[in-house]
Amino acid sequence: MWPYPKVVAHRGGGTLAPENTLAAMRCGLDHGFHAVEFDVMLSKDGVPVLMHDPEFGRTVPGKGGVAQTMAADLLQMDAGKWFSETYTGETVPTYEMAALFCQQYGIWMNVEIKPVPGFEVETGKAVARLTRQLFSAALPANPSLMQALPLFSSFSFEALMSAKQETPGIPRGFLTDTIQPDWQQRLQALDALALHTNHKHLTPALAGAVKQAGYGLFCYTVNQPDRARAIMEWGVDAFCTDRIDLIAADFQ
Ligand code: G3P
Ligand code: MG
C-alpha cells in the first residue's frame, strides 16, 4: 500500500542544489518533482528546522550544534554557500516554511524526523504537533485525503512512537539501514504504513516479505536508473534520489 509518488527528490533537490533548503525544492520543481524528502531537527528553543547534521561545519559554517542554537540564529545561517557561490545567502528554513512552500506548490512531503541524539521524544512530538496544525484540513485521516498528508519517517523508533502518540492520523514509515529480524514487530508497534530502507542491503526475498505483509516499501537513495528498475521489479513502491537530472519524476 503506497498512495504517494514513486520518485522523491532527496533533501529537496538531490545533488543539484544545497540540501534541505527552499532553493533545493525550487530546483526539484524545475525538474518536475512534486515529491520531496527532507530532514527535520529541533533548535535549542524547540523549533523544527530543516537540517541533516546535528553539528555545524558541513552545510552551515562555523562550530556548534543545532540543539544549542536558537531558531532565530539558525535562520540567519547560510546553508547555500558551501554548495556554490550561486546559492550564497540561502538560509536554513524552518519546517513550517518548508511545509507552507510545499503546500503552495502541491509538493508531497516525506518528513524525515532526524532528532539530535537525546531529543527523540521531543522532536517527534514537536514535528507531529506542528504538522497537525498545518494539515488540519486533511485530518482526521480520511482515505480520500491521504495523499494530501505528509509521511513521517525516522531511524528513531522513539521519535516515531512519540509522533504517533501526538498525532496518530499522520502516517509513519520506519527507516532502517538494514532490515532487522524484528522489523514486523516494529512496524506493528508504530502502526506504520511503510518500511524505508537502504536499497544497498535489500534483497528480493526481503522486499517480497515486506510487500506480502501489506506494507509500503520505500528505498533510499537510488541514483542509477538501472538499479531503480531492478528494485521496483522486486516490489519496491517508491524511492528517493539525488539524481533528479537522471531519474525523472515519472520514471518507469
Ligand atoms: O529518508 C531517507 C534518507 O534521507 C535517509 O538518510 O542520511 O540521507 O537522511 P539520510
Ligand atoms: Mg533524510
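Me: What makes a stretch of this chain a helix or a strand?
Reply: Helices are DSSP runs of H or I with at least four residues, and strands are E runs of at least two, numbered from the N terminus. By that rule the chain has eight helices and nine strands. The model is predicted, and local features need pLDDT of at least 70. Residues are numbered from 1 along each chain as its sequence is written, and side-chain values use heavy atoms.

Me: What makes a residue count as buried?
Reply: Buried means under 20% relative accessible area (1.4 Å probe, protein chains only), exposed over 50%, and partly exposed in between. Of the 252 residues, 54% count as buried. Asp 39 and Glu 112 are both buried.

Me: How do you know which residues coordinate the magnesium ion (ligand 2)?
Reply: Donors are N, O and S atoms within 2.8 Å of the metal (3.2 Å for Na, K and Ca); water is not among the atoms, so sites may look incomplete. Glu 37 (OE), Asp 39 (OD) and Glu 112 (OE) lie at 2.0 to 2.2 Å and coordinate the magnesium ion. Asp 39, in strand β2 (residues 35–42), and Glu 112, in strand β4 (residues 108–113), are 73 residues apart, and the pair links distant parts of the chain.

Notes. Chains lettered and ligands numbered in written order. Predicted model: local features only at pLDDT ≥ 70, side-chain atom pairs only at ≥ 80, totals over all residues.
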